[in-house]
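Please look through the sequence and the model shown here before reading the report that accompanies them.

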Amino acid sequence: MERSRSEKRSFRQKKGVYGDELHSDSAALIDFMRTASSRKKKPVLTKEEEERIFAEYHYTGATTNIHPLLSSLVNYTHPVKFSGFDVAEVNNLHFHMSSFSESTGLGYLKQSAPEFVNYNKRQPSRIYPKGARVDSSNFLPQIFWNAGCQMVSLNFQTPDVYMQLNMGKFEYNGGSGYLLKPDFLRRPDRTFDPFSESPVDGVIAAHCSVRVISGQFLSDRKIGTYVEVEMYGLPTDTIRKEHKTKVIPSNGLNPVYNEDPFVFRKVVLPELAVLRFAVYDENGKQLGQRILPLDGLQAGYRHISLRSDTNQSFILSPVLFVQIVIKTYVPDELSGLVDALADPKAFLSEQKKRQEALQHMGVDDSDIPDVPNTKNMALRNMKQPPRQNGSSADLLANNSQPGTARSEQMSSMMTSSTIRSPNEQQAPVAVDKFKVDPIEVDDLRRDKAFAKLLKKFQKDLDDLRKKHQKQRDSIQKQQQTNVDKLITNNRRSTKKEKGSRRSLTASVSSGCGSTTGSVPVGICSPSGPSTSGSVAPSTPGACNSDGTGSPATAGSPVPHDLINNDRVRSLVNTQTGEWSAMVRRHDEEEFELKKGQLKEQFDLLKKLMSEAQKNQMQALKLRLEAEGKDLKQTQTKKSMEDAKVIQLDKGIKTKAERDRRVKELNEKNLKMFVEERKRLAMKAQKHEEQLTKRHLDQLEQLEKDFQKALEVEVGNYKEEQLAAQPTSVV
């Protein structure tokens, strides 16, 4: 009793060692069994101890009804409920195993096949038949083997084809029940899709042909027999119920079939493929079968011993005599090259064949002169296509009216930076459907809208200059009137002064008398006193008292008293300032008008360039769509031609093989055209990016040209203002 209590205490002490109750219970039971076995006594648990184990046991797996003693013995894997591929990847526990029913596994395989393969690379999975199989039938395990599932459970009580496939596959590797999965189903750096129809990277597709020659000891009865050859593997490699020999009647001992080879043209994954040989009597009853892995077969003439439905050997083993050919798969378009490489002597060059044919006809090779190769003559004579930049200026380039000299002078600064050299235009280049010529500003200037704008600018400038001329004429007339009034007033005051001076002189001369040699009154000489005896005409107003002449007419010289007159000086200064201010104002208004016109020119050119760029982009997209339509038409035409060739091929005997060849060619064409579309799309995208960059550069260059033209206009205006001097018209 003490011993059992100590064992119970040790059982309890082991609970915290392994981290959870499941492992502690198993460890305790193992220790207890080891102790009992060491003493050579059977372990006996009382009812109370068993109840205590049940009370302390907490099972968290997918199955709820399991004996804790049985669960404690399983310590290699931990069954868990499947929560998702992403959760399993995060946990990354290789000893966790989830179970899937047949239907659930097919659902995951259909939706997330690559994820299912990666899951099986990391941890095991188990597949079991669905509950609806009440007749104990089986499903095809090859589907889940392709995904890397480690344990695929079947109903062993039903020895059908699927069970035979399972037993035949695991017969190898010494019958140990373990097979190493292929490399691409184990390495985490490889991606594999079990529904792939194209060769996997690093795996070479195989070509297999089987010719059934004869059979021995197939049956001890005198009955007709025939042989079926099937292949199981990937969905694209699986071929069932297609290849079978004709029925040899009344001979079950040594029938001779001598059929044409059964060809499996393209085996994508030979490591997953198996061959099944089955012999049936004329009533469809199976007489024997054998499952052989394709990668384990050897080419040549072979005897294949058959097995029973339960994969057991017969006492007198029936045998099939076959010829097996296994080689690397070569596409049809490369078969000639492979044959030439395999036997170079059998394939002479085309020129050599022609030379031998001519010699056979009696033509000597020395009599044939060398002629130039005209293969690319069409390319040499190919003309360069007309330039289309997508703008409306191209359509109106010949009909547009040139602008005036003034408008050309104003817009000469905003020129395009893109210039083509004559050599570049004349160079023969290949025609590129997506090539787009650059947009030139000169072409945009010939646009009808731009020519109309230039006419409007010239009209506005002419109207402004007419307005300025009217203002100048008005101010000039007003200033002349003021000057005339001032001169008139000055004359009146001068006459009054002269009259008073004359009266004063007359009174003085009458009192003093006449003197020989004196100068008469009213006579003046601007050059000094006159000589004796000279007499000057006594014309009123002929000269002033100070000896300066009076302006008798408007064109006469300005009198000296007017120049020194303050009122005249003030009037001249006022009129000069008024005229100079008017001239500056006119220059400023003309400058602002020109600056505004430059801005409007830039806006219009920018708008025209944007429209041209938009047209270019649309034209590029239309070309891509047209090219895509051409590719689709070419693909359809090629598929129809290939299907027609296959239909006319007499070497293809079965409809399934013909359909398979058509499907293979369609997939090949589809892959080829998809790659072509990708290449075309990448090329179009590259052209679009280049075109967008070119458009941005053109807009940026247009902006720079506008800023440069504006700076030149501002510089000219400032120079004119600095060089200007006060002016007057009077």
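## The protein as a whole

This is a predicted model, and in it the protein contains 19 helices and 12 strands. Of its 730 residues, 33% are buried, while the protein as a whole exposes about 46,100 Å², with carbon and sulfur atoms supplying 54% of that area.

The contacts can be described in terms of distance along the sequence: when contacts between residues at least 6 apart are considered, 71% of them join residues at least 24 apart.

## Cysteines and disulfides

A disulfide is a covalent bond that links the sulfur atoms of two cysteines. In this model the count of disulfides comes to 0, where a pair would have needed its cysteine sulfur atoms within 2.5 Å.

## Asp642 in its helix

Asp642 belongs to helix α18, which runs over residues 566-648. Is Asp642 buried or exposed? Its relative accessibility is 16%, so Asp642 counts as buried, given that the cut-off for this term is under 20%.

When residues up to four places away in sequence are left aside, Asp642 touches Leu665 and Asn669. The picture for this residue is thus a buried position within helix α18, in contact with Leu665 and Asn669.

Note on methods. Residues numbered from 1 in each chain as written. Predicted model: local features only at pLDDT ≥ 70, side-chain atom pairs only at ≥ 80, totals over all residues. Heavy atoms only, no water. Helix = DSSP H or I, 4+ residues; strand = E, 2+ residues; numbered from the N terminus. Buried < 20%, exposed > 50% of the residue type's maximum accessible area, 1.4 Å probe, protein only. Contact = heavy atoms within 4.5 Å. Areas by Shrake-Rupley, 256 points an atom, 1.4 Å probe, with all protein chains shown as cover.
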